[in-house]
Amino acid sequence: MAEIIHTRKSLTTNPLKCSAPLGAALAYLGIAGSVPLLHGAQGCTSFALVLTVRHAREAIPLQTTAIDEVATIMGGAENLEEALLNLTKRMKPRFIGVATTALVETRGEDIAGDLKLILERRPELKDVRIVLAKTPDFDGALEDGWSKAVTAIIDSLVEPPVAAVPLYQQVNILPGVHQTAADIEWIVETVESFGLVPVVLPDISGSLDGTVPGDYIPTTYGGTSVEAIARMGRALHTVAIGEHMRAPAELLAAKTGVPCTVLPTLTGLGPSDEFVALLTEISGRPAPSRLRRQRSQLLDAMLDGHFYFGGKRVAIAADPDLLTGLAGFFASMGADIVTAVASTANSPVLADVPAARVVVGDLQDMEDSAAASDAELLVTHCHGRQASERLGVPLLRIGYPVFDRLGHTHRCTAGYRGTRNLIFEVANIVLGELHEHTPDEFAHAKSIVEETRHAGATSATC
Amino acid sequence: MAEIIHTRKSLTTNPLKCSAPLGAALAYLGIAGSVPLLHGAQGCTSFALVLTVRHAREAIPLQTTAIDEVATIMGGAENLEEALLNLTKRMKPRFIGVATTALVETRGEDIAGDLKLILERRPELKDVRIVLAKTPDFDGALEDGWSKAVTAIIDSLVEPPVAAVPLYQQVNILPGVHQTAADIEWIVETVESFGLVPVVLPDISGSLDGTVPGDYIPTTYGGTSVEAIARMGRALHTVAIGEHMRAPAELLAAKTGVPCTVLPTLTGLGPSDEFVALLTEISGRPAPSRLRRQRSQLLDAMLDGHFYFGGKRVAIAADPDLLTGLAGFFASMGADIVTAVASTANSPVLADVPAARVVVGDLQDMEDSAAASDAELLVTHCHGRQASERLGVPLLRIGYPVFDRLGHTHRCTAGYRGTRNLIFEVANIVLGELHEHTPDEFAHAKSIVEETRHAGATSATC
Amino acid sequence: MSEALKARIADVFNEPSCDKNQAKDATERKKGCSKPLVPGAAAGGCAFDGAMIALQPLTDVVHLVHGPLACAGNGWDGRHSASSGSRLFRTGFTTDMSEMDIVMGNGEKRLYRAIREAIARHNPPAVFVYATCVPAIIGDDIDAVCKHATEKLGTPCIPINAPGFAGSKNLGNKLGGEALFEHVIGTIEPEVVTGADINVLGEYNLSGEFWQVRPLLDRLGIRVHACITGDAKYRDVASCHRVGLNMMVCSTALINVARKMQEKYGVPYFEGSFYGIGDTSESLRMIARILVRRGVDASLIDRTEALIATEEARAWARIEPYRAALQGKKVLLYTGGVKSWSIVAALQEIGMEIVRTSVRKSTDEDKDRIKVLMGTDAHMVNTIPPREMYAMLKRGDADIMLSGGRSQFTALKAKTPWLDINQERHVAYAGYDGMVTLVAELHRSLTNPVWQELRRPAPWEVTDREAERTALLESAC
Amino acid sequence: MSEALKARIADVFNEPSCDKNQAKDATERKKGCSKPLVPGAAAGGCAFDGAMIALQPLTDVVHLVHGPLACAGNGWDGRHSASSGSRLFRTGFTTDMSEMDIVMGNGEKRLYRAIREAIARHNPPAVFVYATCVPAIIGDDIDAVCKHATEKLGTPCIPINAPGFAGSKNLGNKLGGEALFEHVIGTIEPEVVTGADINVLGEYNLSGEFWQVRPLLDRLGIRVHACITGDAKYRDVASCHRVGLNMMVCSTALINVARKMQEKYGVPYFEGSFYGIGDTSESLRMIARILVRRGVDASLIDRTEALIATEEARAWARIEPYRAALQGKKVLLYTGGVKSWSIVAALQEIGMEIVRTSVRKSTDEDKDRIKVLMGTDAHMVNTIPPREMYAMLKRGDADIMLSGGRSQFTALKAKTPWLDINQERHVAYAGYDGMVTLVAELHRSLTNPVWQELRRPAPWEVTDREAERTALLESAC
């Protein structure tokens, strides 16, 4: 059980965390015909927008209530109302997801109350489903914002089940914030292969997977429809991915009676098996042969790949669920997690990280610890690139954001196939670092007295 | 139209070519229950075996007739007979693919005649389908050997069609030697999505895709079954990938009357469209929505990726079909093919390479030309790594062999999805080479007289 | 909002050098010139963002953002401003205020400790402290904290009061400039004064592009004392008040600094551009002329003309091979400010046609220049809504769009060539070489066969059309 | 096959130092000692392969393969022999004979031209020319071509007559050695002769592992004149005949060279190993003892013992942390030759149990050593067919297999740990440090939790079993 270390420093250097409102916005982007609206100063939206555009390489319909000096003093209700009206008129969304920011939350306004009054007052808004999540930047990270937004969506949009018997073999999937479009595609394909019908909430594989529509669409195109959300109560089961999705899953269960299972991660053989076992149970059908072959391919990848993991010193920094999932995967392949840094302490799973210590901190903490523990691989989002350069240690880019590489959302790390791919990706990073040996490496033999780290250093390049 | 240059040198330095018998062996490995048998000295098999084991990271059931000094003088028929008997007894194959080597071909033996006599004489061999391809090492490369083996298989095993009407909506697929397991998976999935039933010959996605069988199997496990091959005459159509597959496709057509289409490559938007159009026509069904989405994702990848291709100076070295396909792809994305080296002149498609010149040569030719033309990316199999190091230019590993990276066979470069992935892979290599600018780069401004290549050099890193 | 901040904003709004202001009466002038933001339809960055943009290319100092995470966390490590020395400016520093800090009113304490930690680890020549919305609301006095820290820790701590809600990015630029003028410029006396020293204001050295210009000045014996701010060092900026001339590159951004330096230190300024061949030459001429007027040897004029002649000839020779392919190609220029005219001139130089140029952040003077360049103001537009922009490009009204990264995907999804000319680009466009690079990039983009590829009809478009026709025929029966 | 080649093979087969041969009568001896190959059941490399393996780590020469493509094309660039200098040996050279060359009998001409081209471009100290099957059949006289080229071009061209059909890899090693002895060794007089010079034969410097040994010898004042062949330079090998001692590292490979050097130049030789702590020490002792006998100052013995004491203690201390996890673990050792015993000793030193060791390429002397080490010969096996090997590992007869890359997948598919101890490995196992590395690698492999993961039952294994049971019950009704 990992010891959780809370650093006592006042200065955050090279932030690891992305803020909660951004996480909420990403969740809202997984709804069809949606516009996320950040309730704050226009900078709150601008920073989130620029980062997400760079990450997703897509135009992103993110809006702002544009709180200014006056609204800061007088309260933001008017701005919220104006924003809702303006964007409904201009963009004709089916759904608006409002996420609050630190700016409005610090004033302690009753935003839910404001919204209620606005909706009562404004018939123009009656065809739009409007959802509110309270996500001040000073509380939590991307995972928290995503989770709160999904919770808010379920709270507002899911209808109580009307018939006693489900109409079809529906399974609800609540993916975590770090699931890519490719991850969701694998999940959907796998669920379908058991004769089940998945409803994914939110479904960024429909909206942020990079497509070229034939015409200009100002809102998201693709994503979960509000109708499908309304009918989530008809499912046989809900599967949530990541501890941060427990809250929405449990709310959905409480609201509809649909039983739910929270899987900590889908990366790794064991987690993939769990998912498949669950689908087998839900569907009462045997696993199809293509899935069996996928598993066999994963076993082979584990066999071929384990040479490049065994004893490898790995430093990971991420949000709690992503960190725990990745650390578990690396450890299961024989790597040593010498550095584990979590963006927040907001999760019970941190204790499960297979490392002596988990530091709640920033990328400077990761860099310092990685340097001190001679890490051979860094694993974090693309802001880790500066540390990677300074330390001369390669970086596996994963999480959010990844803006300096293409195709991140088409990279699957879930399930048998995704785990196989991840093994290859890591092994190839290690293979790319291999070099021919030179006499100088064998330092001990040359200066016999000095104890060197040679054994480790050489064998690391197996 | 590219000018084809035949170098007049006697020395081959850093071979680009892999030999024809090896190509034949790879084809035979795509048949279920198969053992390829090279008719030559044991070294012929040993080199091919070691290379293929390293490439595929699989145990490979490749055998040898072990021609020794005596057989070299007296003829190899006895060795062939003994080998067939021995391996039939030990390994119980359903199929043995014999490929000759330079050693036995130089003596000019009548090996087909030998084999006929052996089969007449030996009832022990009656349950094994034995096929012979004449593939002397001094003629052609991997593509030629693969093509000859498939031709030999069709010649020996395909039965004349019995019924006038096909039993089901079958389509024969004859993939080229450079199709990976993932390529074939995409092809199969796509063919099936039109309600058609694909028969792939040979099918290495069933045998060389890396799986872990539950028990020891000495032959290939998976691959095209001899029964399916026998029934290839029942198909609606045959699709061959690559000009080198024209010969087997046309033989199949001649033997069975099944019409055939040869597609030069499946990499690129245009080639993928052609394949899909063909399937639409064969099936009479519209393209399914998942395929349409894949195409849209590819368009998006082309948009996001073209920045990293435009004006990029690329050097490619490969077998003729692979070279032509890749060069066409790179050129369609805006790259300049500054160096094109083909392993052999055995193909009419070389003239289609979008480059001023195609050199029939080796990796030294590629390295010299790449250096002279300031290539920014090398594209060839993993033997290009030495040139890549020496020139300080990154290498895209593609073709055979790729033994210094994992997961090559699970890498798809065919169709909408594969082309999308390839765009990402190339773009990410380019992005990985990006660096922050330094004052020294702006050389002209510093020494105003000297004309430098700066404009090109900077803008290349867009 | 603190009274001090209000006063500072009013002061900035009252900028007498702003040509818009000059046209207003006193009441209107008081209201300020930043356009009111429309909730649900706003797009740009906030004042804090603007201040950061203006100051962050000071490469050797700690830039510390006081606020909750989003302000620094969602925005750091994004621009390609290049440094020839320290890379400290690329490090993201923030106090990452927690709920506890806010509830307990611990913001100032946390900030002070953060400053101390930053100095202890990095020993910078200065710490720049940026206020954001939350500490501004709860009343954290960053001026006081900075003053205290400066005294106590011996390292200058510079307060930048530009919380996001205060206004636009543009305002933030100016507030950043105010802070420089108030707390940095003039605090150190320069070690060297050559008489031919200049500062360049509003040049961020994106992708190192100023390194294509600086050597030209070097050759003429003109020393760039400080580039404010691009590849800038704290000491150089702090001692930049003794130069002979300030050149303003990005017209509106730091105009207040230029004007105040003129008032206080008597440094004249002019506005110019290093984008395009003609403008680069014109800027060099202006610099030479003013410096000569200020006492530099008159031979500078001739030397400058000689350099210009050589460089222009060389640049044109290098551009020539691209001309045929670019001539007559239609450009949609979607930027603003100085680029709205400087790039227009540059593109016209090679025979391209400007179908629209946006004047979103342009001054009246900018607009006048465009009118002169284009012979009419018919092509000037303000904001183009994405839907309209998409329609224009889809129709083929332009062959290529030049803009910042944010509108990139509107062009790309319309399958239209696009070139980044704002902050995120990796390509250097300034000076003569930069213009050649821009032309090469335009050529590369416009001639890429990928555009034909992208417009190829999907196999089912043919089929579907046929099917539709068939269905139509059938239903017609 | 040419008469010359036949005579050379007969000579190699007649090797008097081969202990197998010593046990045979004259008739048997004439038949040669390479086992006849079984068509359809053979696995190893050919004579050409063996010659290349033995000679290619001569790093500064051109290794030119005369034949059609497969011989060089399918095999180059595969081993991890390391060089401290030239990398020319990693370049693949071949005449890539075409059908035309064969039909027209142009092989010799092509070869000559290829040699000329190689010398013109790379200017190597020598060109090694390897015959392969096809030119051997059509009667190309590579000896004559090499002679002619040597005279005409002024660069020594060394013919290596080991076409693939001549026999096994093992034979090829020896034929490579013959060529060295006949054409290279003794052709240059050494510049330096210290009296304490030695050669090391049969050490390929895989992954640079000899660099873990050489410094030990340096420290004792023993100079390695040439390592034949690992990180070897042509001049050093050509002048290696004046040393005081040859150490044979891979027993059978180059025994003919050692014996002939003894006969012609009076250089004594002994057989040793640098794998394992005990064997490394023993080899150092032997070298010291023989050199002292040959006139080196007797203090060498004491200095050697002191070095051994220090190094052994250090190595054991470093191994200690791994011991508990490795103790009693069962090893299947599938290699042969010298490794069949040297690695046995090494593994026993740390308390591992050897369940089988293969003696495929081992001499009787090798086997005797194993018998002594293991107290019995029950654990010695020849070839293990893959099916049997798989069954053994699947049953858990061994916890780990050590072998070459070729049998790797038999172990892995049986979900059993495996370590490469042959040519393709990237890890250096020689000397004291190498043994520590080996132990660390064993530990890393055996303790990897992936083995548990891999044995986890698939979800459907549970379900399927239940389904089977149900079906069984139903059918029972």
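Predicted model: local features only at pLDDT ≥ 70, side-chain atom pairs only at ≥ 80, totals over all residues.
Local features need pLDDT of at least 70 and side-chain atom pairs count only at pLDDT 80 or more, while totals for chains, interfaces and linings use all residues. Residues are numbered from 1 along each chain as its sequence is written, chains are lettered from A, and side-chain values use heavy atoms, with hydrogens and water left out.

**Stop one: chains A and C**

Select chains A and C. Here 62 residues of chain A are in contact with 61 residues of chain C (contact means heavy atoms within 4.5 Å). The two chains bury about 5,300 Å², with carbon and sulfur atoms giving 57% of that area (the accessible area, with a 1.4 Å probe, that two parts lose on being put together, summed over both).

Now show the side chains of A:E58 and C:K413, which form a salt bridge at 2.7 Å, N to O (a side-chain nitrogen of Lys or Arg within 4 Å of a carboxyl oxygen of Asp or Glu). The rule finds five salt bridges across this interface. Next, colour helix 2 (42–56) of chain A, one of the elements that supply at least two residues to the side touching chain C (helices are DSSP runs of H or I, at least four residues, numbered from the N terminus). Helix 2 gives the most to that side, with 10 residues.

**Stop two: chains D and B**

Move to chains D and B, where 61 residues of chain D are in contact with 62 residues of chain B. About 5,300 Å² is buried between them, 57% of it on carbon and sulfur atoms. Zoom in on B:E58 and D:K413, whose side chains meet in a salt bridge of 2.7 Å, N to O. Then pick out helix 7 (107–122) of chain D, among the elements that each supply at least two residues to the side touching chain B. Helix 7 of chain D provides the largest share of that side, six residues.

**Stop three: helix 7 of chain B**

Of its 16 residues, 12 are buried (under 20% relative accessible area, 1.4 Å probe, protein chains only). Those buried include B:W146, B:I153 and B:L157.

**Stop four: C:N173**

Finish at C:N173, in helix 10 (residues 169–183) of chain C. C:N173 is buried, with a relative accessible area of 10%. Leaving aside residues up to four places away in sequence, the residues it touches include C:G50, C:I53, C:Y204 and C:L254.

Methods. Buried < 20%, exposed > 50% of the residue type's maximum accessible area, 1.4 Å probe, protein only.
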